[in-house]
Structures are given as structure tokens and as C-alpha cells.
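Here are a few notes on the salt bridges, jotted down while going through the model. Have a look at the structure, then read on.

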Amino acid sequence: MEHRNKISFPKDFLWGAASAAYQVEGAWNEDGKGPSVWDNFVREEGRTYKGTNGDVAVDHYHRYKEDVKLMAEQGLKAYRFSVAWSRIFPKGNGEVNEKGLQFYDDLINELLKYGIEPILTLYHWDLPQALLEEYGGWESRRIIEDFNTYAVTLFKHYGDRVKYWVSLNEQNYFVGYSYETGLHPPAVRDKKRMYEANHIANLANATVIKSFRKFVPDGKIGPSFAYRPYYPLNSNPENILAFENAEDLLNYFWMDIYAWGTYPKTAWRYLEENGLTPTVEEGDFELLKSEKPDFMGVNYYRTTAVEKNPLEGGVSIGIKNTTGKKGSTKHSGVPGMYKTTDNPFVETSNWDWEIDPQGIRVALRRIEARYHLPVLITENGLGEFDTVEEDDVINDDYRIGYLEAHIAAIQDAISDGVDVMGYCAWSFTDLLSWLNGYQKRYGFVYVNRTEEDEKDLRRIKKKSFYWYQDVIKRNGIQ
């Protein structure tokens, strides 16, 4: 709906920014940290853009005080970060690494010193390598106990100061990229194994939420879901069905479990017909139904249009753009369910991601209508090439335009009646973009390095840094 008078952002709105341990920290083998699956994966030839890795990343581990001071200068109300599991438990289980605990103690205390609310993510893709080797990581139910032990250790240690927690980051992507497309470790292409691992991750998520209620009773916790709303290409009923299929299989398949502990029936029927259903043991659904999150975390970047995809001869796995060469993406789909296609009404980034500010409003309204849960926007941002001009000026007006339009759409959603708790832009500093190296920049703060050269890792404030500073001061863009 259109509003004559928009509702303002809440006075306690969490204006923030976000990061992930592997993408910013570096210090990959320092102070007792064990290797993660990413520490090993990036050493395999051809896995990442120009062979980039997170050994140093942007050196946040050694420069966190400098970074937090910049956050305070910008006026951040919150900072979302993840803990590296193998920094706390080098082998994934067993003995605790006290130096790892101390690093996050120091980071949390530094944030609180400046009045910045820490939002702690338990898992952002960096599984300890030892657990993959010991029992297959997310493919074994043994991980539920190990993940819960790790989580409880953090709840006990930081729960007195950290009140906002994210359990799993983008579960839909980490199981999909790890076990369907093979783009992430352990680089498997087997949909049956993907759905098995995914069900186990759901059980682990519910288990740690149950523990959270005991150890941090005054806190809030929820998963962070990578929500890409789907649109039908047009009003052709076959394309409407493709849209319904995509929403069920790619979105509600995760969010329904988080909120209700059940899988959508249409998606489950697809799994049954194709021999893909995960192993369900007695008590699984009782656990999943018993632990509802306090909020739905949403990582929003794009929408995608879909159309009919025939069962015979339909499109399957496509090609992902990891170079920034516009137009190199090849469409994907599930035969008999849906196929992605170009949306003629939106522009795209150099990585072929649709730029659709209204899509975040669509996402927020769908969550409100279906789940009646508050939403914490845990990621939203634009990855693009940035240029440092004379006198360290970085005119990233394209990023400002992107973020401003999305924040306006969030305010529209709030005016529509959606309960939005906060907004964490991705990201505060530039960082390692997993498969894309350092050329795909997201930050308010430029980090002076390239794929080939760490240079001096100097922090340079972009034009968007000052723009977001003003947004926070005014509690919105209007």
C-alpha cells in the first residue's frame, strides 16, 4: 500500500553493520586456532578467485580496536560478527582454547565501551576441519552435540553481555553450496546428502535454541536466513505455479521449520518423488516444533523471476558469476519445478544480482503474513568495484543509492505493519568475499589490499561511511 504518512523507525532501532570471522579476521593459525574447512578448501587450485584466502583477510584480529573505533565514529548502534568455532575448539570438540575465548571477550568489551550492541553469530560457514575428517561434519548427527557444546560455552561466557544471537547463518546457502553445487567445502554434488545435512542442521539449530533459553533467558536468538523472494515471470498460470514451487522449495522449506517445525507439503512431496527425503528419527519433529526463534534473521540482496521448467529436458544447475564479468551467470532450476529467468523490470549488478529495493519490502511482508515474527535484517548491501581517487576519496554513490532505496523500502514495510528490529548493512569494512576475492567490495570502509598484495591494509572511509553516519543520527532517511 502507499502511505500518506510513514511510520518512523523505532527509537531503539538497531542501526548496524555486519561481518563474518573467516572474511575479516585473518590470524588463521594464531593463538591456538585450529583449521576450518575454509582454511583447507582455499588451498585447492581453482576454488576461489585468483586463489584468494582468509589467512590475513583484512587483519581484523589484530586491528579490531581500530575497526571498533571507526564503528563508534560512524555511530553504529550494533555490530554483528561471527565466532570462529575452531578458534574456541581447535578440533571442534574437546579442549577449549582460552586465547580464542579471550579474543571475543576483548572484542565484545570494546564494542560495549562505545555503546555498540554486539550481535553474535554462532556459525557462519567455518566448520572445524577436524569434524569433517572425524565424522563428516554436517552429515552426521554427532555434530548436534558438538555444536551445542560449543554454543553453550559461548552462552555461558558471553551471555551476560551479549543479548542478541544468530544461531546459523544462511543455512540454505551453506548446505546448497556445500552439497548440491559443490562450490563450498566439502565440494559435494549430491542432493540426497544435501537434504540429509540440512535436516541435521535444523536439529542442531533447535537444540542450541533450547539451550539458549536456559543460559541466556533474557536474550533473543534466531537463525539468519538468506531470503531471495521469487516472482513469477508473468501471469501465465504455469509460471505462477513455478513461482509457488520456488517459494516452497527454496524459502519456506527453511523458514517453516524455523517457525513451525514442519516442512512445506509440496516441497516434501518433491523430495519423496525423487528419493531425496532425509532420515527422520523418532522425536525429530517434536524437537523442531518445540523451539521457536525470537525473530527471523534475514539476509536480503536480491529477488529472482522464475518460469516453468519442464520435467523432461529442463534446466538444472547453472553457472554462478564469481568474477564480476556482467552477464556470465547461466540460469538454473529444478526440472518439473521452476527455472530462473531475467526480470525485465530490474537492473543487475556486475555480479548479475538483481537490484530490487522493493523486494526487501516484499520479503518482510511475506514473513509477517506467514509467521508473525519480528525481523532482524542481518545483511543487506552491494558488492561492487570501488576506486580510490586522489586524496583517498572513494565516491561510492552507487552504494549509497542502493542502501538508501532499501532503507526507504524497510520504512514502507514498517508502515505496512511489519515489526523490524534492526538493520545490519553488509559490511562495515571491505572483506574477503568467499569465492570472489577482494575485488567485490561491500564496506563503508575501504581496506587497502588486493588479491595479490596485502599492501598496508589501511582503512579509508568511503563516501557511504559519512552517508550512513547521517542516517543513524537522523534515525532514518527522512
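1. Let's start with D412, which forms a salt bridge with R361, the closest N and O atoms being 3.8 Å apart (a salt bridge here is a side-chain nitrogen of Lys or Arg within 4 Å of a carboxyl oxygen of Asp or Glu). The pair links distant parts of the chain, with D412 in helix α14 (residues 397-416) and R361 in helix α13 (residues 357-371), 51 residues apart. Helices are DSSP runs of H or I, at least four residues, numbered from the N terminus.

2. A word on the ground rules: this is a predicted model, where local features need pLDDT of at least 70 and side-chain atom pairs count only at pLDDT 80 or more, while totals for chains, interfaces and linings use all residues. Residues are numbered from 1 along each chain as its sequence is written, and side-chain values use heavy atoms, leaving out hydrogens and water.

3. Both D412 and R361 are buried (under 20% relative accessible area; exposed is over 50%, partly exposed in between, with a 1.4 Å probe and protein chains only). R361 also forms a salt bridge with D416, at 2.7 Å between the closest N and O atoms. D416 sits in helix α14 and R361 in helix α13, so this pair ties together parts 55 residues apart in sequence. R361 comes out at 10% relative accessibility, whereas D416 is partly exposed at 22%.

4. Elsewhere, D55 and R43 meet through their side chains in a salt bridge (2.6 Å, N to O). Both lie in the loop between α2 (37-41) and α3 (60-74), so the pair ties together parts that are 12 residues apart in sequence. D55 counts as buried at 19%; R43, at 44%, is partly exposed.

5. Overall, the whole structure has 40 salt bridges.

Methods: Helices (H or I, at least four residues) and strands (E, at least two) are DSSP runs, numbered from the N terminus.
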